[in-house]
Amino acid sequence: MDRFDVLIVGAGPAGSFAAERLARGGVSVALFDGRPPGEPKACGGGVTSKALKAWPHLLEAVGRTIDELDMYSPSGKHLHLKLDEPFAVYSRIAFDTFLRERAREAGAQVFAEKISARGCKQSDDGWIVRAQSGAELFSAWLVGADGANSPIAKKLAGPLPPAEMEVAFGYRAPLPDDGNAATVVAFLPHWVGYAWAFPRIDHISFGIATTQDAFDHDSLDALMWDFMVAYYEVARYRTARGSERAAHSTMQIWKRAATHAVEAASIRLELNKTAERYAARIPGLAPRTWDTRRACGERWALLGDAAGFADPVTGEGIYYALRSAELFAECYLAGEPLKYEQRWRADFGRELQRASQMRRKFYGNFWGAPFTDRMIEFARGHRGIRKVLGQLVAGDQGYVDLKKKLARSALKPL
Ligand SMILES: Cc1cc2nc3c(=O)[nH]c(=O)nc-3n(C[C@H](O)[C@H](O)[C@H](O)COP(=O)(O)OP(=O)(O)OC[C@H]3O[C@@H](n4cnc5c(N)ncnc54)[C@H](O)[C@@H]3O)c2cc1C
């Protein structure tokens, strides 16, 4: 029977990064992933500048860096943000392959196979794991990095209630004809969450992230289509007017104008033929769950989405997948793997708990209008607030002192 120090289930960002770090430290690692080749993980692929600064090698993966962002409020108000710190957008096939290959080069053994929770049996000194092929392996530690629906996490830490999952769905669609693809984040009218358009090298990832308990597929899909149509309307307008003259035209969203009906119908027709739909879940832990949920125990650990580590306001999970992998590897290599529990709580646990407390306020009302509407309205007229918003997008501004920071910036002279 093959023997390993650590067996990792799932070679997404969390699993591959942990495998790389552990293997570089001399640990024997088996890394399993059952995803069929060429099938991407459903994801916007946005990686914040905070992550790019922490791990600059991520910029070697093929992607786009983004230094300008168009934001829209629930009432359709527009804000153009120039970002001091660019973020990156990757296709998940490119990003995941990049990280997995680094793990392999570092010495991890990579297996293209599924592992079921039932196939993992704990013994006195580790785990006997039966792979899909029937092969049996022994590993001293078992690490679940198998994503939001993690069967390994259900077995080791118990199931999460369905309300503690967010839903994200969207479409992959072609780049506009003039190749000039804006990056857009638009807060939804009357719904918790936002829509995005993230241009990648060869297509655009459109999506909506919202809470599971509010999910009404037909209404949200209709909003998604309005958003996509408005996006291509601007592109067609640019092509018709010339990019120079139409450079600053903005999307007319969340208020469909009858005058555009013919144009809109033709865009819809085109998108019906080309857009590919995807959907998946993102963990969105409730404030109290952060106190009780464990991410490690005797000879096991959970990383990334499997542990529930995603920002409950934005759905951002790649940074936390990588950071949790790094923290676990550091603890393991220091001979204190169980310290991982303390380390993740101190490092980002408090911030994510604060984010889940903030979610209701962030998508709620403030002075009689949605908070996100107010935030964009104020940012349009105030450089200080624009800066805080830019830092929020960059991942450098946490939620713990967000309100204080916004209020303080608003009081500073323009
Ligand atoms: C639609 C959508 C858009 C998103 N957009 C963004 C974004 O723009 N930026 C951002 O930061 N985050 C985003 N997220 C969240 C982000 O995708 C996740 O937080 C991140 O992928 C978590 O990484 P992970 O390695 O923990 O899990 P995953 O990336 O889910 O990787 C888990 C891996 O485990 C494998 N696996 C699963 N089960 C098994 C099994 N039984 N055996 C073997 N292998 C298995 C899977 O094939 C997969 O490769 C988005 C999520 C969704 C759903």
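Close-up 1. The model shown here, and in every view below, is predicted. His190 is found in the loop between strand 11 and strand 12 (194–199). Its backbone deserves a look too. Most residues other than glycine have a negative phi. His190 is not a glycine, yet its phi is positive, at about 70 degrees.

**Close-up 2. Arg299 also has a positive phi.** Phi of Arg299 is near 65 degrees, a positive value in a residue other than glycine. Find Arg299 in the loop between strand 15 (296–297) and strand 16 (300–302). Is Arg299 buried or partly exposed? Arg299 has a relative accessible area of 24%, so it counts as partly exposed. The cut-off matters here, because buried means under 20%.

**Close-up 3. Strand 9 is largely enclosed.** Eight of the nine residues of strand 9 are buried, so the rest of the structure largely encloses this strand. Which strands pair with strand 9? Strand 1 (residues 2–9) is one of them: it pairs with strand 9 (residues 136–144) in the parallel sense, over seven bridges. Along this pairing, Asp2 has Leu137 of strand 9 as its bridge partner. Phe4 stands opposite Ser139 in strand 9. Strand 16 also runs parallel to strand 9, and three bridges join the two. Here Val143 stands opposite Ala301 in strand 16. Strands of a sheet pair through backbone hydrogen bonds, either parallel or antiparallel.

**Close-up 4. Strand 8 and strand 9 form a hairpin.** Strand 8 (residues 126–131) pairs with strand 9 in the antiparallel sense, over four bridges. Ile128 has Phe138 of strand 9 as its bridge partner. Four residues lie between the two strands of the hairpin. In the turn, look for Gly134, with a positive phi of about 100 degrees.

**Close-up 5. Strand 1 also pairs with strand 2.** Strand 1 and strand 2 (residues 29–32) pair in the parallel sense. Four bridges hold this pairing in the count.

**Close-up 6. The largest cavity has a volume of about 50 Å³.** Of the 13 residues that line this cavity, the closest to its centre are Glu166, Gly193, Ala209, Val313 and Tyr363. Which strand gives the largest share of the lining? Strand 13 does, with three residues. By class, the lining of the largest cavity has six nonpolar, five polar and two charged residues. Rolling a probe the size of a water molecule over the atoms shows where empty space is left.

**Close-up 7. The second largest cavity has a volume of about 30 Å³.** A search of the whole structure finds two cavities of 30 Å³ or more. The lining of the second largest cavity consists of Leu285, Thr289, Trp290, Arg293, Arg294, Ala295, Ala307, Phe309 and Trp344. Six of these residues are nonpolar, one is polar and two are charged.

**Close-up 8. Glu20 is buried in helix 1.** Glu20 lies in helix 1 (residues 13–24). Its relative accessible area is 2%, so Glu20 is buried. What does Glu20 touch, leaving aside its neighbours within four places in sequence? Glu20 is in contact with Arg102, Ala103 and Ala106.

**Close-up 9. Gln252 is a partly exposed loop residue.** Gln252 lies in the loop between helix 5 (217–241) and helix 6 (261–274). At 37% relative accessibility, Gln252 counts as partly exposed. Phe95 is 157 residues away along the chain, and the C-alpha atoms of Gln252 and Phe95 are separated by 33 Å.

How values were computed: Residues numbered from 1 in each chain as written. Predicted model: local features only at pLDDT ≥ 70, side-chain atom pairs only at ≥ 80, totals over all residues. Heavy atoms only, no water. Buried < 20%, exposed > 50% of the residue type's maximum accessible area, 1.4 Å probe, protein only. Contact = heavy atoms within 4.5 Å. 1 Å grid on protein atoms, 1.4 Å probe; cavity = no way out; pocket = protein on both sides within 12 Å on 5 of 7 lines; lining within 4 Å. Points joined across faces, edges and corners; volume = space filled by probe spheres on them. Nonpolar A, V, L, I, M, F, W, Y, C, P; charged D, E, K, R; others polar. Pairing = 2+ DSSP bridges.
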